[in-house]
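Q: I'd like to learn how to read helix packing and chain contacts in a model like this one. Can we go through it together?

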Amino acid sequence: MHGFSIADQFRRNLEKDMNTKLLAAGLACIASQAAAETPTLTVLTYDSFTSEWGPGPAIEKGFEASCGCDVKFISAGDGAALLARVKLEGKDSKADVVVGLDTNLTADASATGLFAPVAAQPNSLPVPFSDANFIPFDWGYFAFVYDKTKVAVAPTSFAELAASDLKVVIEDPRSSTPGLGLVLWVKDAYGDKAPQIWADLADNIITVTPGWSEAYGMFTEGQADMVLSYTTSPAYHLIAEQDDTKAAAAFTEGHYMQVEVAGKLASSQQPALADQFLAYLTSDAAQSVLITTNWMYPAKTPAEGLPKGFETLVQPAKSLLMTAADAEAARAPAIAEWQAALSK
Amino acid sequence: MASSAFKISPAQGLSIVIAALILGSAAMVAAWADGFALAPADWQALRFTLLQAGLSAAVSSLLAIPVARALFRRRFPLRGLLIRLLAAPFVLPVVVAVMGLLTVFGRGGPINVGLGWLGLPEVSIFGLHGVVLANVFFNLPLATRMLLHGWQAIPSERFRLAQSLGLPPSTQFRHLEAPMLRAQLPGIFAVILLICLASFAIALMLGGGPKASTLELAIYQSLRFEFDLGRAALLAAVQFSLCAVITLLAAKLTLPQGFGAGLGRSMDSPAPKSWRRLCDVVAIAAAALFLFGPLLAVVIKGVPGLAALPNGVWPAVLRSVVVAVVSALLASAAALIMATGAARNKGKAIELAAMLPLAASALVLGTGLFLLVRPWIAPESVALPITVLVNATLTLPYLFRLLLPEARQLRADYGRLTASLGLPRRTRLRFVTLPRLARPLGYGAGLAAALSMGDLGVIALFAGDGGATLPLFVQHLIGAYRLQQAAAASLILVAVSFALFWAFDRLGSYYADA
């Protein structure tokens with residue numbers, strides 16, 4: 001950027017002299033070339049990251065201010081679509097950094113060999129985290145969210161939920177990452193008894209949606225008493241809408257976590273810049289942005305702490321998270337169990 | 001003659017291009033596969049897909065008969081408006097429509113409140129009946145409009161003759177209307193069946209659980225989550241074969257009507273009195289209530305958020321309108337060429353090619369194109385042109401199906417005359433073909449434009465930095481918990497889609513009446 005403005009200044013001085021018009025044109029050419037040589041960091045991420053209300057715009061601005069580079073986002077659906085895109089593109093991907101996979105997908109992602117090792121960043125996750133290829137940038141607990149004015153007594157476990165008349169809407173594990181998270185949550189908490197839990201829950205589940213948006217939409221429209229979302233969802237309503245009627249039910253089994261991670265592609269032409277970006281992602285500036293755009297917990301709590309309102313959220317007694325390898329191994333059988341139990 | 005047998009007509013050329021596009025993209029996906037195998041659950045998905053599509057198509061086409069007949073023979077204030085508004089559900093984006101349906105038929109909706117007053121238990125919309133309900137909501141208007149075109153295509157002179165002969169309505173039905181239904185219904189049933197085969201979000205959202213999984217969901221799962229390209233390609237092949245069988249069966253069952261040509265004048269159709277009148281009133285009122293209730297819900301939900309809409313919505317509207325109009329024009333031109341071509345030829349190849357896109361999974365098509373363009377160009381830089389191409393291709397079957405019966409009729413009625421006059425192609429197009437086909441062409445182009453507005457499937461694969469179309473924009477709003485703004489943006493989406501549809505449809509009628 002500096003090179004560009006100096007050349008600009010230069011050009012303006014020269015343009016004062018009419019005779020040097022030609023030279024000015026030549027210099028303009030050089031200036032635009034200098035601009036083209038500003039390195040570009042291409043970030044492959046999910047849709048909602050780059051949207052007007054996502055963390056993308058602020059993070060782009062923040063990183064560009066210090067990197068002397070141009071950040072370009074490419075978006076591809078959700079977390080699962082992201083991995084499919086990486087696999088489709090293979091070794092000649094133009095992306096340098098991939099932001100938005102979760103730990104249920106990282107084993108699969110690492111197995112492609114397309115990701116390069118990255119330096120670990122300090123984090124404040126409630127569980128130990130180690131992955132050679134990925135760093136966490138935010139995380140949340142899956143939870144059933146309800147409206148306090150409509151549900152007087154929230155269930156405190158899957159068993160209580162199954163015994164109640166409450167109607168819930170969940171996401172399909174075959175097409176959405178929260179849906180997959182729920183299936184792994186039940187599997188992690190109940191192991192071999194998972195199919196029984198699903199069978200008991202069958203009459204509570206009014207429907208299964210393709211993605212989070214449809215499910216959350218149905219819930220806010222009053223079609224269901226509870227929706228599978230995050231413990232941090234009520235924070236949005238509280239902070240952005242001054243609406244304190246939404247709450248997440250705390251389950252005694254513990255809550256499964258979704259840890260969103262970012263990694264660097266081995267094929268990147270800008271490996272140093274990519275490392276710099278990953279480090280920036282866990283900086284206080286970026287983490288503060290993520291909290292109130294993704295409405296998740298920061299991977300590393302910024303110095304100023306969490307925004308006011310987060311202290312009202314339920315704190316799970318136990319944090320559940322399978323290792324990447326366990327999640328990968330459990331995925332297909334757990335989905336099959338879920339499908340069999342709910343298809344009866 | 002021998003030399004012309006090897007010449008390729010424009011219609012045949014287009015058929016080859018479309019078949020190459022659809023089958024080629026699937027082949028591209030297959031080429032990347034490591035192995036081919038279907039999951040056991042896929043067979044269950046196939047069964048459910050056929051069940052829900054068959055039921056939905058049967059209910060939609062049967063219910064359309066009394067509604068279209070009543071609309072054809074009754075004259076009442078706002079009739080024209082009602083007929084145009086009939087298209088509105090069909091052009092709604094799926095998620096918006098499902099939310100509208102839930103407001104009316106779901107928990108706390110007027111239906112369940114009414115049942116509660118009568119002391120009856122609440123009825124859940126979730127299940128096979130909910131899926132059929134939603135599919136009928138989408139497709140009843142299409143079936144009604146197609147049948148209405150059929151009724152209007154019966155030369156008014158025939159009705160006048162029947163009346164002067166003093167034929168009772170039942171005899172009129174047997175001699176004039178039944179042959180028309182016999183000619184139209186198989187095609188209409190087939191189109192709706194094909195539309196419902198590819199449904200994914202409706203079945204999943206209203207089906208109540210994984211037993212309501214369709215083939216399209218299995219494709220989604222295999223492409224997105226499992227990256228099992230072989231399974232995706234196999235599933236796409238199953239969908240294509242189903243489509244081919246259904247299209248060929250429908251073509252076999254479709255008979256020419258052969259009423260002979262009329263003067264193309266419109267006249268007041270016979271309007272029998274007494275109980276028949278009451279039946280017609282009930283048919284029209286029930287259809288209007290069923291179709292406009294959920295629509296009204298979408299409007300009511302959308303209005304409060306309108307004031308707070310972010311500025312980003314307008315560029316998204318513009319982008320979507322450009323995509324929709326260009327796709328609609330492309331699809332119309334292609335459909336006109338292919339329908340007139342299919343009417344001339346005895347073979348079914350053109351018809352099959354034109355119907356093929358209905359069986360194409362948008363996701364397979366998008367993934368195939370992605371793999372195809374990527375070696376040469378950054379996919380995100382061609383997001384909009386690809387979307388236009390895909391939308392034009394995917395909406396071609398609707399246009400084609402609307403044009404084909406009338407193109408055949410035109411050929412039967414005027415083919416020999418224009419041939420004996422030796423009219424040049426352009427003159428024939430201007431004075432014979434376009435005036436006769438203007439009505440379905442305008443309507444079809446309107447549908448195509450509106451469907452392209454609502455399309456989301458493909459752009460998401462290609463979208464880069466900031467090039468969101470309106471449906472994607474709505475998705476972003478929901479993703480950011482901004483549900484009220486999302487409802488308002490959906491309302492704008494619906495309004496703009498419908499305005500586009502209206503404009504094309506008006507243009508067609510204007511041209512036909514001129």
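Predicted model: local features only at pLDDT ≥ 70, side-chain atom pairs only at ≥ 80, totals over all residues.

Q: How do I describe two packed helices?

A: You give the angle between their axes and the distance between the axes. Here, take helix H1 (residues 10-31) of chain B and helix H11 (residues 229-253) of chain B: they pack at an angle of about 150°, and their axes are 8 Å apart. Angles over 145 degrees count as roughly antiparallel, so that is what H1(B) and H11(B) are to each other. The crossing of H1(B) past H11(B) is left-handed.

Q: Which residues of H1(B) and H11(B) meet?

A: From H1(B) you have B:Ala26, B:Val29 and B:Ala30; facing them in H11(B) are B:Leu229, B:Gly230, B:Ala232, B:Ala233, B:Ala236 and B:Ala237. Sorted by class, this contact has 8 nonpolar residues, 1 polar and no charged ones.

Q: What about chain B as a whole?

A: Chain B has 20 helices and 0 strands. Its radius of gyration is 23 Å, close to the 24 Å that the globule rule gives for 514 residues, so chain B is as compact as a globular protein of that length. Buried residues make up 52% of those 514.

Q: How many residues of chain A are in contact with chain B?

A: 41 residues of chain A, against 45 residues of chain B. Elements of chain A that each supply at least two residues include strand S2 (70-75), helix H5 (79-89) and helix H14 (324-342). The chain A side divides into 16 nonpolar, 16 polar and 9 charged residues.

Methods: Residues numbered from 1 in each chain as written. Chains lettered and ligands numbered in written order. Axes fitted to C-alpha atoms, helices over the stretch in contact; angles between N-to-C directions. Helix = DSSP H or I, 4+ residues; strand = E, 2+ residues; numbered from the N terminus. Parallel < 35°, antiparallel > 145°, perpendicular 65-115°, else oblique. Left-handed = near helix turned anticlockwise from the far one by under 90°. Contact = placed C-beta atoms within 7 Å. Nonpolar A, V, L, I, M, F, W, Y, C, P; charged D, E, K, R; others polar. Rg over C-alpha atoms; globule rule 2.2 N^0.38 Å. Buried ≥ 20, exposed ≤ 12 C-beta atoms within 10 Å, placed from the backbone.
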